[in-house]
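Student: I've got a structure open and want to talk it through. Can we start with how the chains meet?
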Amino acid sequence: MSDTATRSPAQARAAPGRSPRRVRPATLARVALVIVLAVLPLYIDTSLLTIGLFTMAAVVAAIGLTVLVGTAGQLSLAHAFFLAVGGYGYAFLAGESGVAGASTAQGLGLDPLLAAILAVIAAGFAGLLFSPIASRLRGIYLGVASLSLVFIGEFCYENVRSVTGGFNGRAATPFSLFGWEFTDANTLIVAGVPFGRFEKLWELFLVVAVLSYVFAANVLRGRMGRAMRTVRDSEVAAAVMGVDVRRTKAGAFVLSSMYAGLGGVMVALAFGRLTPNYFSLALSIGFLAAIVVGGLGSIGGAAIGAFFVTAGPLLITRYSSSLPFISDSGSGGYDGGKAAALLYGLAVVLVVLFEPGGLAALGKRLAGRRPARALTPAPSTGASP
Amino acid sequence: MTDFLSYLVNGISLGGIYALIALGFVVVFKATEVVNFAHGSLLVLGGYVIARLHTDVPFVVAVLAGCAVAAVGALVIERLYSWRLRDSNLNALAILTIGVDILLITELTRRFGPDILSTGDPWGNKIVDLGFAEIAQARLVGIGVTAVLLAAFFVAFKYSSWGIAMRAGAEDGEAAALMGIRRGRVTMTAWAVAGALAAVAAVFLCAFPTPGLDASVRLTALRAFPAAILGGLDSTAGAVVGGLAIGIAEAMTSGYSVKLAGGNLNDVVPYLVMLLVLLVRPSGLLGTKELTRV
């Protein structure tokens, strides 16, 4: 009975936290993907690099949301707010006061790395402040209550001018690591390609995104992930099993808002500037669409969904001249943003109706593995996409 | 004092409109346990039809057509839901409506373009002097129409066979089905009523003194969410109480131009009020407390 050597491979796979010796093809594919992404800046132009930066920021934020909504079962529309806390937090902490220009925004002038870390913590703290409400409300009441954070946030972005710069927004200080700046100032030459701001940020973001992915996968595989899934399936059962329901919900909220905050910092760095209209309700809804299309509770699915929702509109706009039915923005036709929004709106409806596990479940089914289950990730391998 | 009274009348009229929208949320939630995030878009859809039609047909006909289209839009969501999702969890249902919302509002935004349309209501920008307060005529008519509609709804809810069937279904769906109540028909009616109410609300939401109808009215309509939550999502009376509370709070902060950090507080007052109430009463003022039985 205790002889682990006689366990079948299926049992070994089902055991959480214990990886089989053999490297799985899926892992290999992921490593290959990361390597391809790492060398990609050598080949693509700046506008594609920018799209990639925004996508990687969205991937990190979407991973946070899928943990909250998919794994812990807490519907939240407040994600845009926590992104804003991270983004503005970074801009405020790292920015200089009284910079030349008409900007009224203040800043503390901290080291960018320290500012980024503090901004992520601030976003987590904002999540913690909201959790007394979050942990008392059941799913659907929470969804609506979280809506209020988006609107209260919009009010703050426009009016707390010393931090946010008001309606016109504020600039974000470029990132630097131990004095080494991620700008065009100290351009490296790698394999004959000049590595400027976008190329350097690309590599930085890739590292951050991979770490976020691995961290979330480990959280979901471990004790906290199991607690969250139990709370999602039945709060009573969770409480009976000794899971502190309130604490688990609050923990999920804090973790998710820290991910959102990190995504916000990345947006600030990629954009170089923050404006209030970016963090609107549409952003929250976009993230929700991303994780639903990808498959709720699946981290890999969240990454694919974030790519779909973030890069989709930008890519369609970029190649609009060679795509049928797409017109320039402002002409009254379907421009890139609208065409992509219609596509992912439709994808959300179809996924909810026909494949509640999203692309993740679809991929598994095509690969001939377990059948899809209604809006729940696979129980013990929930971390795998 | 006259200021106060005029703000109060304005608040009541605004609150009545919110109550109509909130009632849509509540009716749908009671019948099907779905929180309809597409409600704001349905409202804009109804308003859009009215705005496009009123130049060709009489205003009343345009409004009826708007109600019909919004009701059909709501029915489409209802059919999708009962086709495949009847017993799924609440989050999945809410997400379905969010998907429909994305589709509807994207298409409507494209159709509006940069235009702000008028619904062609016959009251225009006339002002009525009540002696103690001056108020836009549209607002006054709004109070009247809202009162009539709400009264009609509550009478129907209490006495008509549809109302009884719906309350029975909300109480215990299975028992209701065993008594021969056709759930499908009840829920379809509920969604259609919600859609039609939203279209009526669109007329008054976009009437003078607001600038008119464009896709951003959806966000104004979402302010009825706090009203519905405040009263309790499963309480029809709560929708009216919540709507009035939110409307009056908004009119007061706007009237006295209460400012916070330099911004007008009336933009966020509905949400602040909702958060405060939810902290104390997690299921709203008049909502049923959720009991957990093991």
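Tutor: This is a predicted model. The contact draws 41 residues from chain A and 37 residues from chain B.

Student: Which helices of chain A each supply at least two residues of the side that touches chain B?
Tutor: Those are α5 (112-134), α6 (139-159), α12 (281-294) and α14 (336-354) of chain A.

Student: And which one gives the most?
Tutor: α6(A) does, with 13 residues on the side of chain A that touches chain B.

Student: How does that side divide into nonpolar, polar and charged?
Tutor: The side of chain A that touches chain B has 30 nonpolar residues, seven polar and four charged.

Student: Left-handed or right-handed?
Tutor: The crossing of α5(A) past α11(A) is right-handed.

Student: Which residues of α5(A) and α11(A) meet there?
Tutor: From α5(A), the residues include A:A116, A:A119, A:V120, A:G124, A:L128, A:F130 and A:S131. On the α11(A) side, among them are A:K249, A:F253, A:V254, A:M258, A:G261, A:L262 and A:V265.

Student: What's the breakdown by class for that contact?
Tutor: Between α5(A) and α11(A), the contact has 16 nonpolar, seven polar and one charged residues.

Student: Zooming out, how many helices and strands are in chain A?
Tutor: Chain A has 15 helices and six strands.

Student: And how much of chain A is buried?
Tutor: Of its 385 residues, 51% are buried.

Student: Switching to chain B. What's the secondary structure, in helices and strands?
Tutor: Chain B comes to twelve helices and four strands.

Student: What does its radius of gyration say about chain B as a compact globule?
Tutor: A compact globule of 294 residues would have a radius of gyration near 19 Å, and chain B has 19 Å, so the value agrees. The C-alpha trace of chain B spans about 55 × 50 × 35 Å along its principal axes.

Student: How much of chain B counts as buried?
Tutor: 51% of the 294 residues of chain B.

Student: And what share of its contacts comes from residues 24 or more positions apart?
Tutor: In chain B, such pairs account for 75% of the contacts with a separation of 6 or more.

Methods: Residues are numbered from 1 along each chain as its sequence is written. Chains are lettered from A and ligands numbered from 1 in the order in which they are written. This is a predicted model: local features need pLDDT of at least 70, side-chain atom pairs count only at pLDDT 80 or more; totals for chains, interfaces and linings use all residues. Two residues are in contact if their C-beta atoms, placed from the backbone, lie within 7 Å. Ala, Val, Leu, Ile, Met, Phe, Trp, Tyr, Cys and Pro count as nonpolar, Asp, Glu, Lys and Arg as charged, and the others, Gly among them, as polar. The radius of gyration is taken over C-alpha atoms; the globule rule is 2.2 Å times the number of residues to the power 0.38. A residue is buried if 20 or more other C-beta atoms lie within 10 Å of its own, exposed if 12 or fewer, and partly exposed in between; C-beta atoms are placed from the backbone. A crossing is left-handed if the near helix is turned anticlockwise from the far one by less than a right angle, and right-handed if clockwise.
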